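Visitor: Can you walk me through this one? I'd like to hear about pockets, the core and salt bridges.

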Amino acid sequence: MNIVSRHTPLKHYIWGDGCDGWNLVDGPSLSVKMERMPPHTAEQRHYHERARQFFYILKGAAIFETDEGRTGVQAGQGVEIAPGIRHRILNEGAEDLEFILSSQPSTAGDRVDCGDGQ
């Protein structure tokens, strides 16, 4: 059993435009991350061929863009993204956005950027 907390030394990474991430669980069959997006940042549109993802918002409000449109997700809410769905997350708010991201299986080597400028 492995107990993890914010005070445990975690593998930190930087992604996007000054966004932070920490690996809570990092295995081939399951990835769980805690991520932080500063105000007015966005991820590139992409999809995963195999991974199913679940985003749970801890702080702030997220906008998710898919081919179906835009959806707002508030703190205390979550959203599931199925494999093959083109998506991106945005923080259009004035405060940091913090969330837990669970991917099954891991997204390692499974991300396809859409290259459409968004």
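Predicted model: local features only at pLDDT ≥ 70, side-chain atom pairs only at ≥ 80, totals over all residues.

Visitor: OK. How much space lies in the largest pocket?
Guide: About 420 Å³. A pocket is an open set of points on a 1 Å grid over the protein atoms alone, where a 1.4 Å probe fits, with protein on both sides within 12 Å along at least five of seven lines. The volume is the space filled by probe spheres set on the points, and points are joined across faces, edges and corners.

Visitor: Why roll a probe at all?
Guide: Because a probe the size of a water molecule, rolled over the atoms, shows where empty space is left.

Visitor: Which residues lie nearest the centre of the largest pocket?
Guide: Tyr 13, Lys 33, Glu 35, Thr 107 and Arg 111, out of 26 lining residues. A lining residue has an atom within 4 Å of a point.

Visitor: And which strands supply that lining?
Guide: S1 (11-15), S2 (19-26), S3 (31-37), S5 (46-48), S6 (52-59), S10 (87-91) and S11 (97-104) each give at least two residues. Strands are DSSP runs of E, at least two residues, numbered from the N terminus.

Visitor: What classes make up the lining of the largest pocket?
Guide: There are 8 nonpolar, 12 polar and 6 charged residues. Asp, Glu, Lys and Arg count as charged; Ala, Val, Leu, Ile, Met, Phe, Trp, Tyr, Cys and Pro as nonpolar; the others, Gly among them, as polar.

Visitor: What about the second largest pocket?
Guide: About 220 Å³ of space lies there. Its lining has 14 residues, with Thr 66, Asp 67, Glu 68, Ile 81 and Ile 85 nearest the centre. Strands S7 (61-66), S8 (69-74) and S9 (78-81) each give two or more of the lining residues.

Visitor: New topic. Which residues touch the most others in the largest nonpolar core?
Guide: Met 37, Phe 55, Ile 57, Phe 64, Ile 89, Leu 97 and Phe 99, in a core of 14 residues. S11 gives the largest share, 3 residues. Such a core is a set of buried Ala, Val, Leu, Ile, Met, Phe, Trp, Tyr and Cys residues joined through side-chain atoms within 4.5 Å. Buried means under 20% relative accessible area, exposed over 50%, and partly exposed in between (1.4 Å probe, protein chains only).

Visitor: How many salt bridges are there?
Guide: The whole structure has 12. Each one puts a side-chain nitrogen of Lys or Arg within 4 Å of a carboxyl oxygen of Asp or Glu.

Visitor: What does Arg 45 pair with?
Guide: Asp 67, at 3.7 Å, N to O. Arg 45 sits in the loop between S4 (41-42) and S5, and Asp 67 in the loop between S7 and S8, so the bridge ties together parts 22 residues apart in sequence.

Visitor: Are those two buried or exposed?
Guide: Arg 45 is buried at 7%, while Asp 67 is exposed at 58%.

Visitor: Which partners does Arg 70 have?
Guide: Glu 65 at 2.9 Å, and Glu 92 at 2.8 Å. Glu 92 is in the loop between S10 and S11, and Arg 70 is in S8, 22 residues apart. Shared partners join Arg 45, Glu 65, Asp 67, Arg 70, Arg 86, Arg 88 and Glu 92 into one salt-bridge network.

Terms used. Residues numbered from 1 in each chain as written. Heavy atoms only, no water. Helix = DSSP H or I, 4+ residues; strand = E, 2+ residues; numbered from the N terminus.
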